[in-house]
Amino acid sequence: MPATAKKGEILEIRIIVQHDMESGFRHTETGQRVPRDIIRDFRCTYNGLEVFRVELHPAMGANPLIVFTTTATESGTLEFKWSGDNGYASSTTSALTVT
Amino acid sequence: MSAAAASVLPSLNALATVDDATQAVDKILSGRPAKVGRVTLEIPPLVENGNLVTMKVSVQSPMTEADYVRAIHIVAEGNPLPNVVSFFLSPRAGRAAITTRIRLGDSQRVRAIAQMNDGSFWQGDAATLVTLAACTEV
Amino acid sequence: MPHRNEMLQRNEMLQRNEMPQRNAMLQRNEMPQRNAMLQRDEISQRNEMPRAQRVFSSCLLSVLLSLGALLPFHASSQVDPVGHERQSSYVLMSPDTKAMQDDPLLNPATFTVLDGEVLWRELAGKKNQSCASCHGDATVSMKGVAASYPKVNAAGQLLNLEGRINQCRTEHQVASPFAFESKPLLALSAFVATQSKGMPITVERTPANEKALASGQRLFDQRMGQLNLSCAQCHAERSGQKLAGNPIPQAHPTAYPIYRLEWQAVGSLERRLRNCMVGVRAEPYAFGSNEFLELELFLAWRARAMLFESPGVRP
């Protein structure tokens, strides 16, 4: 996403996270099922307010990529949080200056 | 060998039927109708490998406080589980257009159900052919 | 990879796995300079067969024709009987998959390359040295290196890139070698390989490698497995035709290591070759075996002058 924007501008945000998204449907060569281990939830907050949320299921691809939009309303911080199975949690932030 | 070579093919009897997908959609709709229109689902008509398929969904909507898309649900008719992903938006989105990458286990129809702020539903779909990679591990 | 530090914010929170999970915020306005990335139209469409060979093959053909030869034309791997130009399997892919390879922000192998960059600087072994301790900035020191492998070293050993990395580990860092197909080995080889992106493969026939090269060619031409097929029969004689709905590539190793969609992971050329062997129902050679090294040498030589694309995405 850009670091600056005009008020009211619609920003495109592309985010990708490194995660195998083990679907739970794969088997090893010896026939054992590989247990499900996926990211379940993604949220984007803008100065603390949730502006976008995603519920992920096993059919989401590995290393999930999401491209979405949000309106530049005021300067501040966007926070991006992933959470999932086995206590997985990851987050990052991005500063935005709105003129 | 250190690589965990795992088959990506689910056992055939685990593949969801169209009925499972219909049930999943019914659960979302809770008895309300879903009109066809306003929702565009873009998936390549021919997919080289179902493990990572780029998918774009967009809904015609002004995305104002008065008229916006609250949620978009993606349901697959040929995967082991029908629910693929659900997006939850607000007027802050500006546009209802999302791109992501999904898994498709077989050639199938994929459906997108959009719920509006007034409680109404709209839907769209896309059909695709999923081919298998040549010379796999197992 | 250019401008990577400006491009990605990394969350170094370590999760269960040994490699840090990375949450990368992609800065759209700071995408790497396009001319530093492999342009699609740079992928070699030229006929790279040396002139001498073209003359020889056309002479041979005219001799056979003049004899009214009804003998089957045994296509050797050096001569494409249909006269096709050499091309990377990139050109056979769908537009979406091509886009996935071309854009590092979409390429699933990018994380592996970034992991490799971290490992490059990591101190290891009894000598407590990193790759960087000797090799400095990889974008300088490793330029063109991956495109020159496999090669025979001064001691007469045939090594591929992974083997060379492990040799550095054991001899110079005095650390344990990485296991075949392990995350660290793939990460380092992806990081080194991408420094050759856009550069031609420089593997030539030399007095040092000619025996291994001949052996590799024999392996390429040799029938194997329950299906009793040789590499040449599909990839030289029938490239461009379809097998089970998929177009058969010419099998040039220009993009390794690749993110194979089928694996949902990055893997080496040897892993892919093992898939080929399973495909013809042959017992695959072991990782790091002489057979694989000779075959890889031959494949690289066969692809000489073609441009490196690593890290590639393939179905």
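How many bridges join strand β7 of chain C to β9(C), and do the two strands run parallel or antiparallel? In this predicted model, 3 bridges join β7 (residues 258-260) to β9(C), and the strands run parallel. Arg260(C) has Arg314(C) in β9(C) as its bridge partner.

The pair belongs to an open sheet of 3 strands in chain C. The strand order is β8-β7-β9, and the pairing is mixed. β8 (265-267) and β9 (312-314) of chain C stand at the edges. Each has a single partner strand, so one side of each is left without a neighbour in the sheet. Direction ignored, neighbouring strands of this sheet are turned by 35 degrees against each other on average. Strands of a sheet pair through backbone hydrogen bonds, either parallel or antiparallel.

A helix pair was also examined in chain C. Two packed helices are described by the angle between their axes and the distance between the axes. The axes of α4 (residues 110-120) and α8 (residues 183-194) of chain C come within 7 Å. They cross at roughly 95 degrees. α4(C) and α8(C) are therefore roughly perpendicular to each other. From α4(C), the contact takes in Thr112(C), Val113(C), Asp115(C), Gly116(C), Glu117(C), Leu119(C) and Trp120(C). These meet Pro184(C), Leu186(C), Ala187(C), Leu188(C), Ala190(C), Phe191(C) and Thr194(C) in α8(C). By class, the residues of this contact divide into 9 nonpolar, 3 polar and 2 charged.

Chain A has 0 helices and 8 strands. Its pattern along the sequence is β-β-β-β-β-β-β-β. The radius of gyration of chain A is 16 Å. The globule rule gives 13 Å for 99 residues; the value for chain A is well over this, so the chain is more spread out than a compact globule. Along its principal axes, the C-alpha trace of chain A spans about 60 × 20 × 15 Å. Buried residues make up 40% of the 99 residues in chain A. Of the contacts in chain A with a separation of 6 or more, 58% are between residues 24 or more positions apart.

Chain B has 1 helix and 10 strands. From the N terminus on, its elements run β-α-β-β-β-β-β-β-β-β-β. Of the 138 residues in chain B, 48% are buried. Residues 24 or more positions apart account for 68% of the chain B contacts with a separation of 6 or more.

Val47(B) illustrates the interior of chain B. This residue lies in strand β4 (residues 46-47) of chain B. Val47(B) counts as buried because 22 C-beta neighbours lie inside 10 Å, and the cut-off is 20 or more. Beyond its neighbours within four places in sequence, Val47(B) is in contact with Val53(B), Leu104(B), Thr128(B), Leu129(B), Val130(B) and Thr131(B). Leu104(B) is 57 residues from Val47(B) along the chain, with a C-alpha separation of 9.1 Å.

Chains A and B also meet. In this contact, 33 residues of chain B touch 28 residues of chain A. On the chain B side, β1 (6-7), β7 (83-88) and β8 (96-102) are the elements that give two or more residues. That side has 20 nonpolar, 9 polar and 4 charged residues. Strand pairing links the two chains as well: 2 bridges join β6 (residues 65-71) of chain A to β8(B). These strands run antiparallel. Within β8(B), Thr100(B) stands opposite Ile66(A).

How values were computed: Residues numbered from 1 in each chain as written. Chains lettered and ligands numbered in written order. Predicted model: local features only at pLDDT ≥ 70, side-chain atom pairs only at ≥ 80, totals over all residues. Helix = DSSP H or I, 4+ residues; strand = E, 2+ residues; numbered from the N terminus. Buried ≥ 20, exposed ≤ 12 C-beta atoms within 10 Å, placed from the backbone. Contact = placed C-beta atoms within 7 Å. Nonpolar A, V, L, I, M, F, W, Y, C, P; charged D, E, K, R; others polar. Pairing = 2+ DSSP bridges. Axes fitted to C-alpha atoms, helices over the stretch in contact; angles between N-to-C directions. Parallel < 35°, antiparallel > 145°, perpendicular 65-115°, else oblique. Rg over C-alpha atoms; globule rule 2.2 N^0.38 Å.
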